[in-house]
Structures are given as structure tokens and as C-alpha cells.
Amino acid sequence: MRRLTAALTAGAVLAVGYLGLDTADLVPGLLTTRPLPPPPPTETPGIRTLPVVPQPSPSTSVRMPLGSLAGEGAAPSPAGLRKALAGVVTLPALADASLVVRDGQSGGILYDRGGSQRRIPASTTKLLTAAAVGQVFGGDETLRTEVHEGASADQVVLVAGGDSLLAPGEGDPGAVAGRAGLADLADQVALALTDSGTERVVLQVDESYAPGPARASTWGEDFHRLGIVGSVAMLGLSTQRAGLNRPGPLDPVGATAATFAALLEDRGVRVSQVERLRPGISTGTATGTATGTATGTATGTATGTATGTPGPGPRVLGSVESAPVRDQLALALTDSDNTLTEILARQAAFRAAPPGSARTDFGTVGAWVVEQVAALGIETTGVALADASGLSRENRVTARLLTDVLALGYDGSHPVLRTALEGMPIAGLSGTLAGRYIKDGEPEAAAGRARAKTGTLTGANALAGSVVDDDGRLLVFAGLVSGAPTEAARAALDDVVSAIAACGCR
């Protein structure tokens, strides 16, 4: 009976996986009328869960193939898995590699080759950061951007609250990037000012919330120019996110303030000047034209409380709220967004620190991430992070630690991390795995059945995630490779995951 149940479960998983590949035009379909392709995890799902795949039968739908810890398939045996991987782990690209595979349900280790060796994790660091940030931000917690009255009647204060995904126009309630809109905020503020008879204001920008450097000294000098990472700031526009060969602005806060000033002008409120209120900085004033990017340097001293929100007294003129932080974490994993990851980690560390004691340089935040992971009961001896996104070559993590974090995310005890893991790309279908697990035009065994976070730096490649095997069992894995060329390392790691997927291995 158990074998029958396992066979049925495996069959269902394979059918769902094939359907997902068919919708992506990766395998041929037998029907002349195909369902529409599944929406990949992008910037605009209303609820950040797994994409829904329409079925050819009426009124039915199933999730994309991501297994569950409640699956009934029997776990592979260590001996069976070693046999399945024997022909793969000898690939030249894996000569200097750490590999760990464990059962997603029991957490038991099924395969361990150098799993305790400290290696450069590259972007798989984001898995640790998601776990740490989820210790501070709960459930549906969001980030608020607000404007309140200043010290005088002609001053208004735009308070940076950590949302770097503001829409430059109206917000989209079903989006992650662009959930909160500057135009909506300007509508509220202009109405409040008009009601009080104020037609001309000085726009001040409060940057006292989670201040810190824009870039890390351990990053490559050309990372910003290439769009690998943008300037880390607590206010920014969704349309100016950094991307490969698409660098973000050097001053996201200034660009956002200029956009907001222009929106106020469009609503009949004259902005005579823009002032930047930065902690510990007092220099000249910024210019206040409503059409350009604010220029010059900051003036005045920081206002507000240690959390960047105004103290009791000033009237709030308007506010907008971001998508939940857990959904932003999922987006960061989907897009491997280094900037967004650093922004969320910095403010989580800032919020967690006692008032007045927060340090938010990149190394301190990286160390805080390690502390938070250790607080979850995970062994972190020897682990070191110089940043939260994985761009630093000084980071050191073990493959076993990565699987510990993954197993924690899937066991249901860390809901924010669980949502974030849903943002990991799907093999052969989305994100950084969209072009992988397809060989000579044919899908490999793990295509449509694996979710994983990639990591790539020169001479250091990584892959960590989950896969459903042929018995319908969810397994988690991590591989960290040193010294091999990137393409060879990626292909070898993909072969490992496909071998796991094709293996019942009992």
C-alpha cells in the first residue's frame, strides 16, 4: 500500500512538473489548446505564494511543483543516494566542492561531502539574511513612508522609512515593488496643506532611520557601475532598482525627494527648497526645484526618534505602506536583488539594537545576521559575513549551515522564512534558473521540480534549495564550489540536483 501511495504521489508530482514545463514551452504539449504560462514570481503578485498553474480541465488549478514536508514518499537511504551521485560527484568541476543533501521532512543528512568546510557562499548568503530579517519583521509587517509637519508652518518632513520600492506614481495594491505610491502620498499631503491654507513649503527629508554607508569597501569597484548592486538607502523608487548593466542612482533618496517635490508642485504646492536631514551632518542646503534631482548637500540635524518616525506632536499629513517585508524578501530571492537584501538587513539590525546603540555598517550587519541564525539553534561556528547579500569575497559559510536554514524554512516554524523561500527560482522556469536544467532542448530531471538560490562570484559558485525526488519526497541540498569556471560549475551542480530528482534511492 505504501508503495502504491508513493507511486501515485510521484506520478502526480511528475504530471504537475510536466505541465509546468509544457506551459513554458520547454516540452511538447499534446493538446492544441494550451493553458496560459504560469505567472513566475515577479514584482507584482498580490500574495507572494507559489504561482498557480491553470489546468486544461474547468475550474481546477494546482501549485507549481514544490514538495511538502508532509509528503508520503519514503526518504532515500544514504547508501542509495551515494550510489546515485557516484557518477556525478567525480566531475572535474566538483573537484573542490562541498555537497550536502538531507531529507526535508526529518532533517536527516543523507549525503555529506565536506559539508563543514568554510567556503565563499556568494548569493546563497541571502538565505541566511532572510532567516535573520524574519526574526525582526513578523507576518504581515510593512514599511511606512510618511510626511509630517515640520518645526514651522511652511516646513513638511518626508521621513525615510525603509521602503526602497516606492512607485513614482500611484501605488499598486497587488504589487510588491510599487505597492506604495508617491503620488498617493502627494495627494494626501497636498490636501492637508490646502485645507490649512499652506501654498509654499520647504521639503525636509529625515534620514535618521537606519543610516549607513551606501556601498561596502569589500565589494568590487565596478559593482555599482555594472548594476550588480545599487546604493543602499532607506528610500528609493521601484523604477530605479539596479539591475545587470542597469545601474541605479548614486543618491536614491535625493532622486525620490525630487520626484515627490515635483508631485507636490503638480498639485499646487510650491516647494521652495529641499533640505536633507542626515544624522551627524550639517552643511549647506539642497536646491529645491521641483523638476530636477536635488543637488547640493544636506542641512540641519536629524529629527525624529531612533526608529526614524516622528516623536509625539507633529501632525502626520500623509502616509503609505509597502508590501509586507516577507514578500520583499521573496522578491529579493527571485531577482537575487543585492540592494534590496542589504536594505532589509540594515533596518532589521537597526530595529533590533537597543536605542542609540545601533551600528549599521555592512560588516556589523553581516555579523548580526550570523548572530540571528545562531539564535535559531543553528550551528554557526566559524561562519563569517562581511555583508548581507553575498557580494563580499570575505564571507565564509558551510554547505551544512545552508541546509540547516532551508530545513528550518520548510518545517513551518519560521513563517517569514517560508514565504521568502517561495521566491527561490524554479529550475528551468524562472529567475536565475530560467535558462538552466535544459540540455539540447530537453528538460533535465529536476526541471520544474527544484527551487534554488544561485550564487556566483569569480571562482566561487553555489546552489542551495529543494527538490522533489521520484518518490515525491522533498529533499534540501547545498553545493559550494571553488576554483572551477562558472559555466562548468553551474552545469555540474545542476547535474547533482537532477541526479537527486531522478532518484528514489531507497
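**Cavities, pockets and selected loop residues in a predicted model**

In the protein chain, residues 24 or more positions apart account for 68% of the contacts with a separation of 6 or more. The structure described here is a predicted model. Its protein chain contains eleven helices and 14 strands. Of the 506 residues in the protein chain, 56% count as buried. The accessible surface of the protein chain amounts to about 19,700 Å², and carbon and sulfur atoms contribute 54% of this area.

Rolling a probe the size of a water molecule over the atoms shows where empty space is left. A search of the whole structure identified three cavities of 30 Å³ or more. The largest cavity holds about 190 Å³ of space, and its lining is made up of 18 residues. Among these, Ser-164, Ser-231, Gln-240, Arg-241 and Thr-339 lie nearest the centre of the cavity. By residue class, the lining of the largest cavity comprises nine nonpolar, seven polar and two charged residues. Helix α7, which spans residues 338-352, gives the most to this lining, with three residues.

The volume of the largest pocket is about 770 Å³. A total of 31 residues line the largest pocket, and Ile-228, Leu-244, Asp-335, Ser-336 and Asn-338 are the ones nearest its centre. Because domain 1 (78-138 + 326-502) and domain 2 (142-279 + 314-324) both give residues to its lining, the largest pocket lies between them. Helix α7, strand β12 (450-457) and helix α11 each supply at least two residues of the lining of the largest pocket. Of the contributions to this lining, the largest share comes from β12, with five residues. The lining of the largest pocket divides into nine nonpolar, 14 polar and eight charged residues.

For the second largest pocket, the volume is about 340 Å³. This pocket is lined by 21 residues, and those nearest its centre are Glu-207, Gly-212, Val-232, Ala-233 and Arg-278. The lining of the second largest pocket includes 14 nonpolar residues, together with two polar and five charged residues.

Individual loop residues were then examined. Pro-213 is located in the loop between β7 (200-206) and α5 (252-266). Since its relative accessible area is 34%, Pro-213 is classed as partly exposed, a term that covers values between the 20% limit for buried residues and the 50% limit for exposed ones. When residues up to four places away in sequence are left out, Pro-213 touches Val-232, Arg-346, Thr-360, Asp-361 and Phe-362.

Most residues other than glycine have a negative phi. Ala-122, although it is not a glycine, has a positive phi of about 50 degrees. This residue is placed in the loop between β4 (109-113) and α3 (125-133). Ala-122 counts as buried because its relative accessibility is 0%, and buried residues are those under 20%. Asn-245, likewise a residue other than glycine, has a positive phi, near 60 degrees. The position of Asn-245 is in the loop between β7 and α5. With a relative accessibility of 62%, Asn-245 counts as exposed, the limit for that class being over 50%.

Notes: Residues numbered from 1 in each chain as written. Predicted model: local features only at pLDDT ≥ 70, side-chain atom pairs only at ≥ 80, totals over all residues. Heavy atoms only, no water. Helix = DSSP H or I, 4+ residues; strand = E, 2+ residues; numbered from the N terminus. Buried < 20%, exposed > 50% of the residue type's maximum accessible area, 1.4 Å probe, protein only. Contact = heavy atoms within 4.5 Å. Areas by Shrake-Rupley, 256 points an atom, 1.4 Å probe, with all protein chains shown as cover. 1 Å grid on protein atoms, 1.4 Å probe; cavity = no way out; pocket = protein on both sides within 12 Å on 5 of 7 lines; lining within 4 Å. Points joined across faces, edges and corners; volume = space filled by probe spheres on them. Nonpolar A, V, L, I, M, F, W, Y, C, P; charged D, E, K, R; others polar. Domains from an automatic or database assignment.
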